[in-house]
Amino acid sequence: MAGLGPNQPNDAITAARFSITIDGYEIASFSELQGITTEVKPVELIESSDKEIILKKLPGKTEPATLVLKRGKNSSMELWAWHEAVLMGDIVAARKSCSLVMYDTAGKPVARYHLEHAWPAKLEIGALKAGASEVLMETVTIVAERIQRVAA
């Protein structure tokens, strides 16, 4: 059938790797994106007339975008340094504009998101027993004032 080849606009995106890039420099690479959450809280509005009362729900307060990424812990210090700026209260150094890039198995970008004023709100290093053969996992929660899908 004509027009039904690979990479059609309605094909689901698959990704093998995720990265956070600041100023064109990849500071961290991840094996798992646990999720991107954006939310607008509804507000209730009551309108009344002589004949009826109407309850409407309208968009209200927006919650900051939240991303949760996971990777095998490595020796890189960039992610920790960024989180440490938050811990030390250095708001200027902590809030960065950055990109989340999703790559396919061939290393080609398949999606890109721009994050404005992002900062790592939580950094978690998983449990591991001495002598265990599992990989030590690191999970980061990044909060951003604004997230925008910018490219495939």
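**Questions on a predicted model**

Guide: Asp23 is exposed, with a relative accessible area of 76%. This model is predicted.

Visitor: Where does Asp23 lie, and what is its phi?

Guide: Asp23 belongs to the turn of a hairpin formed by strand 1 and strand 2, with 2 residues between the strands. Its place is in the loop between strand 1 and strand 2. Although Asp23 is a residue other than glycine, its phi has a positive value, near 55 degrees.

Visitor: Is strand 1 largely enclosed or open, and how many of its residues are buried?

Guide: Strand 1 covers residues 17–22 and has 6 residues. A residue counts as buried when its relative accessible area is under 20%. Strand 1 is largely enclosed by the rest of the structure, because the number of its residues that are buried is 5.

Visitor: Which strands pair with strand 1, and in which sense?

Guide: Strand 2, residues 25–30, runs antiparallel to strand 1 and is joined to it by 5 bridges. On strand 1 there is also a pairing with strand 5, residues 96–103, over 5 bridges and in the antiparallel sense.

Visitor: Which residues stand opposite Ser19?

Guide: In strand 5, the residue opposite Ser19 is Val101. In strand 2, the bridge partner of Ser19 is Ser29.

Visitor: Is Ile27 buried or exposed?

Guide: Ile27 lies in strand 2. Buried means a relative accessible area under 20%. The relative accessible area of Ile27 is 9%, so Ile27 is buried.

Visitor: What does Arg71 lie over, and with which residue does Arg71 form a salt bridge?

Guide: Arg71 is buried, with a relative accessible area of 3%. Arg71 lies over the face of Phe30, at 5.4 Å from the ring centre. Its side chain also meets that of another residue in a salt bridge, at 2.7 Å from N to O, and that partner is Glu138.

Visitor: How many residues apart are Glu138 and Lys73 in sequence?

Guide: Glu138 forms a salt bridge with Lys73, the closest N and O atoms being 3.4 Å apart. Glu138 lies in strand 7, whereas Lys73 lies in the loop between strand 4 and helix 1, so the pair ties together parts of the chain whose separation in sequence is 65 residues.

Visitor: Are Lys57 and Glu44 buried or exposed?

Guide: The side chains of Lys57 and Glu44 meet in a salt bridge, with 3.7 Å from N to O. This pair links distant parts of the chain, with Lys57 in strand 4 and Glu44 in strand 3, 13 residues apart. Both Lys57 and Glu44 are exposed.

Visitor: Which residues form a nonpolar patch on the surface?

Guide: One member, Met88, lies in the loop between helix 1 and helix 2. Met88 is exposed, with a relative accessible area of 64%. The patch has about 470 Å² of accessible area together, and its residues are Met77, Trp80, Leu87 and Met88.

Conventions. Residues are numbered from 1 along each chain as its sequence is written. This is a predicted model: local features need pLDDT of at least 70, side-chain atom pairs count only at pLDDT 80 or more; totals for chains, interfaces and linings use all residues. Side-chain values use heavy atoms; hydrogens and water are left out. Patches are made of residues with over 30% relative accessible area and no salt bridge: like charges are joined within 9 Å, nonpolar side chains (Val, Leu, Ile, Met, Phe, Trp, Tyr) within 5 Å. Accessible areas come from the Shrake-Rupley method with a 1.4 Å probe; for residues, only the protein chains shown count as cover. A salt bridge is a side-chain nitrogen of Lys or Arg within 4 Å of a carboxyl oxygen of Asp or Glu. Helices (H or I, at least four residues) and strands (E, at least two) are DSSP runs, numbered from the N terminus. Buried means under 20% relative accessible area, exposed over 50%, partly exposed in between (1.4 Å probe, protein chains only). Two strands pair if DSSP finds at least two bridges between them. A charge sits over a ring if NZ of Lys or CZ of Arg is within 6 Å of the ring centre and within 35 degrees of the ring normal.
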